[in-house]
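Please keep the sequence and the 3D view at hand while reading.

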Amino acid sequence: MPENSATLSKEDITIDQALRPSRWEEYFGQEKIKKNLRVIIEAALRRSEAMDHILFCGQAGLGKTTLAYLVGKELKANVKTTSGPALEKLGDMAAILSNLEAGEVLFIDEAHRVNRLIEEVLYPAMESRKLHLVVGKGPTARSFSIDLPPFTLIAATTRENLLSQPLRSRFGAIFRLDYYNPEDIKAIIARSAKILGINVTPGAVGIIAKASRATPRVANRLLKRARDYAEVHGDSEIDEKIARKTLNALDIDEAGLEPQDKRLLETIIGKFGGGPVGLGTLAAALNEDKGAIEDIYEPYLMTLGFLKRTSSGRVAMPAAYDHLGIKKKGELL
């Protein structure tokens, strides 16, 4: 279930900021990406140049925003942040670009939602540091250019396929963040528990890590809810019992599947004989948006080996039957 930041309390927002790594040493996982980034950063610093524009791709909660801020910190640069949906008019983009100072980092989240007209402003800004503007309309319209200072654009997207090719091609490096391995997730939970000031047993760390969907944001969310459960019930630490009760209360199973995930698999198995079933048909059967299925549910289910995309549609894999305790047709009980 996606976490809605609009419902978070002021305290939760402060906690989320505290849990965000502020140094490379605190950022666990994505080792290859970190190694390549540090080379690019070091080279730019040695040349006293603005770093190449960077694009981060990957599922929500994998650390794209955190990486952007870490890059800014390594460059000793101010990071100005906006998002694709916030850039509604050409004037919005022009105002941000014209106010950049030399060496600053502009971070655009949800870059795939940037308006195509606004992209036209970004192309010359990224390529030649020029801001082309048109003033007036009709015969009296005038065009002029503004020179921009050296800056670095860092963009993040969960839908790389929705980025236009002209925009994508202007990034000097593209990094795709993968799901985290269990040991990195455990290290993230241990670090977060220390910041939150609560003891978590190794067994509880393992349970939370396994249910975290291999995603740091989810791991931290589950840890905070386990902390709430422990405090309300007067426990001084989070043990395996507390961890399991927290997951049960949230209706999350040991593999991190939530009701929507199970419903998707059960629909494919129960209504469509295990598949293949087309995305449109599946979305209609679930009364879900196609984008939600593709972006939120399917990636993790495919990582677990529960779901497979084929040219004919979605297919439930044997591991899904085993996990849900469902027998295939013709299989002996």
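## A pocket and the strands of the chain

By class, seven charged, six nonpolar and five polar residues make up the lining of the second largest pocket. The model is a predicted one, and the values below are computed from it. The space in this second largest pocket comes to about 350 Å³. Its lining counts 18 residues, and those that lie nearest the centre of the pocket are Gln59, Thr158, Glu294, Pro299 and Arg309. Helix α13, which covers residues 290–303, contributes the most to this lining, with five residues.

The protein chain contains 14 helices and eleven strands, and its C-alpha trace spans about 80 × 50 × 35 Å along the principal axes. Of the 333 residues in the chain, 45% are buried, while the chain exposes about 17300 Å², of which carbon and sulfur atoms supply 50%. When contacts between residues at least 6 apart in sequence are considered, 69% of them join residues at least 24 apart.

Among the strands, β6 (residues 152–157) can be described in some detail. Six of the six residues in β6 are buried, and the cover extends to both faces, with Thr152, Ile154 and Ala156 buried on one side and Leu153, Ala155 and Thr157 buried on the other. Which strands pair with β6 in the parallel sense over four bridges? Strand β1 (residues 54–57) is one of them, and strand β3 (residues 105–109) is likewise joined to β6 by four bridges in a parallel run.

| Strand pair | Bridges | Sense |
|---|---|---|
| β1 (residues 54–57) and β6 | four bridges | parallel |
| β3 (residues 105–109) and β6 | four bridges | parallel |

Note on methods:
Residues are numbered from 1 along each chain as its sequence is written. This is a predicted model: local features need pLDDT of at least 70, side-chain atom pairs count only at pLDDT 80 or more; totals for chains, interfaces and linings use all residues. Side-chain values use heavy atoms; hydrogens and water are left out. On a 1 Å grid over the protein atoms alone, a cavity is a set of points where a 1.4 Å probe fits but cannot get out, and a pocket is an open set with protein on both sides within 12 Å along at least five of seven lines; lining residues have an atom within 4 Å of a point. Grid points are joined across faces, edges and corners, and a volume is the space filled by probe spheres set on the points. Helices (H or I, at least four residues) and strands (E, at least two) are DSSP runs, numbered from the N terminus. Ala, Val, Leu, Ile, Met, Phe, Trp, Tyr, Cys and Pro count as nonpolar, Asp, Glu, Lys and Arg as charged, and the others, Gly among them, as polar. Buried means under 20% relative accessible area, exposed over 50%, partly exposed in between (1.4 Å probe, protein chains only). Two strands pair if DSSP finds at least two bridges between them. Contact means heavy atoms within 4.5 Å. Accessible areas come from the Shrake-Rupley method with a 1.4 Å probe; for residues, only the protein chains shown count as cover.
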